[in-house]
Amino acid sequence: MWKKAMNKITIALLLLCMVSANTPKVFADTNIKTAEGFLLEMGEKQVTVEEYDGSVRTFPFNSYYILRIDTLNAEPSDFKPGMEVYLELKNNKVTYLEGYSTVAPGHIPEGSKIRFGTIKKIDRDQLIVKLDNGQEETYFTNSGTILLKDGLKVPLSSLYEGDKVKLYFDEIDTKMISRMAVQGKSVEVKGLYKGKLALADVIKKELTLTDLKIFRNGGWENVGSSKTISYDERSPIHIGGQRISPEKLKYYKDNTVYLAVKDYFSTDRVESMVLKNQSESVYTDRIEDINWYGNSMELEVSHKNLTFNEGTIIIKNGRLSDISALDPGMDVFVVGDDSAGSMAANIVYVYNEGINNSNIGQFYIYEGRLDAVFRNSRNSLMLKDFAYLNNNSWEAFSTSKELFYDEDTVIYDLDERRIISSEEFYYGDYAVDEDSNYARENNLEDRYVYAYTDGDRVVAIMVQKNRDSLLKLRVTSGVALEAPENHKWTGWRIHIANAADWSSRKDQWMARKDSFYLTLEDAIIIKNGQIITSDQLKQNDRLYIIRDDLKAKVIIVK
Amino acid sequence: MKKLAWTMIFILLFHSMAWAAPIEFSGGVSDEFQYKEVVFLSGKPVVFVGTVNVKIDEKQEEKKATYTFTLSPEDIDIEGKLTRNVTLITTYTPVTGKGQTIANTKVTRYTENVTIGQDTFKLTNSDIQFFQSDIIDNRPAIDFYSGNIQALKRYEINGGEGIAQVKITGGDVGYKNFWGSTQTQLLDYVYTINRKAQGENENSSWEGTVSVKVSDSTTKSLQYSQNEANFSSFNGGYIQVVKEGMISQYTYNLPRITDEGIDPFGRNQGTISLQASKVPKVERLIVPKFRDTAGHWAQQDIEKLYSLGVFEGNTSFFIPDGSMTRIDFVKAVVKACDIGGNEEADSSSKRSSRKKKGEVEEIIFVDIDSSHPDYQYVKKAFEKNIITRGTDYRFNPNEPLTKAEAVTILIRVLGLEGKAPAPGYKTSFSDDSKIPNWAKDAVYMAAEAGIIGGDNNNNNVNAHKQLKRSEASALLVRFLEFLEKDLQKDYSENIIYYY
């Protein structure tokens, strides 16, 4: 009887062991329970919780247990009464206790996600940015996106492709830019040099060059027999499309080098460098076509095919740009490197300049006769026999055009050489009925204007008695070679270099081979949407100019 | 004996480095020979050059900085002279248990005499009010700090002809670590000059503003130098290069002053930039001679770390594709960042003296007792919260290190884990769900800092992956580059260019 009973027990135990060996988790899981509710008290050895059904229970801690708040490891002292908690229990002892505290998961302080990069492409509210870590991202702007340049808020239309930017985001996974700062003048290429490499100091990070020339007026101009320029270790150095380290420069002594140099706190610093591989050829031409698959372009007049590569220095709008900034139809200065029948472009300098920096901007320049000025509800002016600058050429209309002004519109009376108020503009004799007795008795005529507008809103307007001949007006782009001077005979004037004139017949920017002085006495000068005085122009300012011979009429500082 | 030799190399390499800080709060820059700043008291920007004698006496609880300037206009056509004597005392007050220090600075001496043309400007000790307070966040390998400055300088013009008052408001931001330090000051000056009419010039009083951004940086970096001789016992080696440079930018908005006096309608606005750098200091490092790293993708990284004494050993084999152990990585990090500084070397000698007396070190982990050769590194890392211990008190020193563990250690060293978003977020990695909860903040911050990125194929971070010694070396070198270069750029150029 006893033996039978023992056998039965043994068989039962064996079966139990077999079952447990096959399904150990089933037995283990049955011991794990969970509880959740509000924490009442956090003790050293136990925790008291009011469960959601209202029952109050105290659970002791297991010998090993995990404490977390919002998935992060926590200490017992971090838990506070009232917080919601979740518990996992083994044998009714706490093995895992998690509290919940975060109200806004994933929240970051406003603007605390930051990215640095270079704008590769602008398409209205969409920016393609090459980040400093090499990745390329597409970001978006909206009407609330703030843009700062040199500490001042400027419109998004100020942005250029090639600008270096600091982007601020309010959320960790958003592509919408809340704020952005753009590097000011320091982003622009101060000089494009060619020289012979005499010495490369890899510790001081300095290059000494001899036979130094600077790109000026469509060619290389001597600037000195020797110059030492610092470089940044992040500045790329290429030869034949291959990137090389600065340590290798010692093998290229006496080799011709091309340098794009920027201003670094009043000193020159190399931003990009290409070593000449074989022999140099230069072209001032227009890009006929670009083969994006073959990384090559064809020039229109010379019919030359040039390849471009990682090392090609591309300068557009005064900024170092990406190959993608090039387009067919651009007027360029190209330095080619001829080798065994194929030619690589070492430098592509783009002459094209426009009123707008990108397709974000909707700025226009109008010229016309001031027919009427309205105030109060309309605050507008009517132009008749007007023209506007369309792709650098005047397009004339015999109809009327209404433009709107406001208290922020800057109105400049060229004849009186002063800024006038909107009230003076309205009440003054700027637009008159020429057939009226009053006009005849006082010998009054409508004035003529140049208006710089943002859409139909006048940003700045210059009013003058005499009309300029549109045929004589020339559109020119160029760079201020020096700061302006107040000359005793001509008044304020500025020295312009690297200039190109727009040819309406050829529909092309024609590079000039000379520099020239431009007088500023009869001009309105616009910078960042504001009128500035002649003396506020700076050396190396890039200028979009409407001029009558050597007299500037409208200057936009780019 | 071997240990002593290694310790000596360690001390030799990690010599002390002067912390970078702009000179006083005038926006000037200097190299070894010349100091340069812009002075605006005359209403026009005038660049002054000359010498400054700097004396810094820094103790744990107080720093005394004394500056003596003797300057004259850079333009020899301008007559002028500037002498200035300044003593600033900074008192450090550690905040117990917070790992932070409050630094308050006051002026104990400030005298200045400036002559520009016919005008003299005199400032005595009683003519200045100055308050500066900084908060320093002391993280394991780095001190981050930020502060505010409020000051007022009052000059007597030509012995009673008028008063020139300069209000200064702004602050500073900076960091200090073993690999470098940068301090950038952002200051706004408001000039108010009230003076009696001089002859026909009735409007000789004026107001103007100047914004100054000035940054001083000291950085260490490694540079490879090839051995040009063919039959040498080594191919080349690394040089440690210490560089110090200052950049400054003044943006001014002043009255336009003509021969007729002050033009009531126009302003003179512009920017002046200054730059100065010292001759780099060079120091050769030991030459690595591993036989199994040649041609390996991580050869440079391994050799850099070996040259620095971060990796040690006399064998000819590094075993780059072997597993990095937890203990080796912690030790490398503590050494690479000089955590504890000279305490490390000191503690080594203290340990031996304690042993003589039979004293027992505190047990931190049950599997690393105080006699373990690397105990001091683990202890230091534990004391600085770089590593923590679980309820089992085990460190598992010889277990392979995972990427999540390595990244967590590095981010704790920087003290950046607290800057991660509020919990409950996803990182940008495709395998975000596989990142352990305890490592998520570190992985997020390491990605933000550019220390890690997703793999090329799938943007996975592979947090559970066990790191090879080569991979851990590459990660460590990237981390050191962050300390050397990225921080410097972030605190200097990226502020000055974009502020």
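Where is the place of A:Asp289? A:Asp289 sits in strand β21 (residues 279-291) of chain A; here, strands (E, at least two residues) and helices (H or I, at least four) are DSSP runs numbered from the N terminus.

Before going further, a word on conventions. Residues are numbered from 1 along each chain as its sequence is written, and chains are lettered from A and ligands numbered from 1 in the order in which they are written. This is a predicted model, in which local features need pLDDT of at least 70 and side-chain atom pairs count only at pLDDT 80 or more, while totals for chains, interfaces and linings use all residues.

**Around A:Asp289**

With 12 other C-beta atoms within 10 Å, A:Asp289 is exposed. Leaving aside residues up to four places away in sequence, A:Asp289 touches A:Met297, A:Glu298 and A:Pro328; a contact requires C-beta atoms, placed from the backbone, that lie within 7 Å. Between the C-alpha atoms of A:Asp289 and A:Val410, which are 121 residues apart along the chain, the separation is 43 Å.

**Domains and interfaces**

Chain A is divided into domain 1 (31-100), domain 2 (113-186), domain 3 (198-354), domain 4 (363-383 + 398-464) and domain 5 (473-557), with bounds that come from an automatic or database domain assignment. The C-alpha centres of domain 2 and domain 4 of chain A lie 37 Å apart.

Where the two chains meet, the contact takes 29 residues from chain A and 25 residues from chain B. The side of chain A that touches chain B divides into 12 nonpolar, 13 polar and four charged residues. In this classing, Ala, Val, Leu, Ile, Met, Phe, Trp, Tyr, Cys and Pro count as nonpolar, Asp, Glu, Lys and Arg as charged, and the others, Gly among them, as polar.

Chain B is divided into domain 1 (20-282) and domain 2 (288-489), and the C-alpha centres of these two domains lie 39 Å apart. Their contact takes 19 residues from domain 1 of chain B and 19 residues from domain 2 of chain B. On the domain 1 side, the elements giving two or more residues are β10 (162-177), β11 (180-195), β12 (206-226) and β13 (236-258) of chain B. Of these, β12(B) gives the most, with five residues. By class, that side of domain 1 of chain B has nine nonpolar, seven polar and three charged residues.

**Chain B as a whole**

Chain B holds nine helices and 15 strands, and its C-alpha trace spans about 85 × 60 × 55 Å along its principal axes. Buried residues make up 39% of the 499 residues in chain B. Among contacts in chain B with a separation of 6 or more, 67% come from residues 24 or more positions apart.

Just after α6(B), B:Gly415 takes a positive phi of about 75 degrees.

The buried residues of α7(B) include B:Ala439, B:Val443, B:Tyr444 and B:Met445, and their cover includes α6 of chain B. Just after α7(B), B:Gly450 takes a positive phi of about 75 degrees.

**A helix crossing**

Two packed helices are described by the angle between their axes and the distance between the axes. The axes of α3(B) and helix α5 (residues 375-383) of chain B come within 9 Å and cross at roughly 70 degrees. Axes are lines fitted to C-alpha atoms, for helices over the stretch in contact, and angles run from 0 to 180 degrees between N-to-C directions. The pair is therefore roughly perpendicular, a label covering 65 to 115 degrees, whereas angles under 35 count as roughly parallel, over 145 as roughly antiparallel and the rest as oblique. The contact is made by B:Ile327, B:Val330, B:Lys331 and B:Val334 of α3(B) and B:Tyr377, B:Val378, B:Lys380 and B:Ala381 of α5(B). By class, this contact has six nonpolar, no polar and two charged residues.

Conventions
A residue is buried if 20 or more other C-beta atoms lie within 10 Å of its own, exposed if 12 or fewer, and partly exposed in between; C-beta atoms are placed from the backbone.
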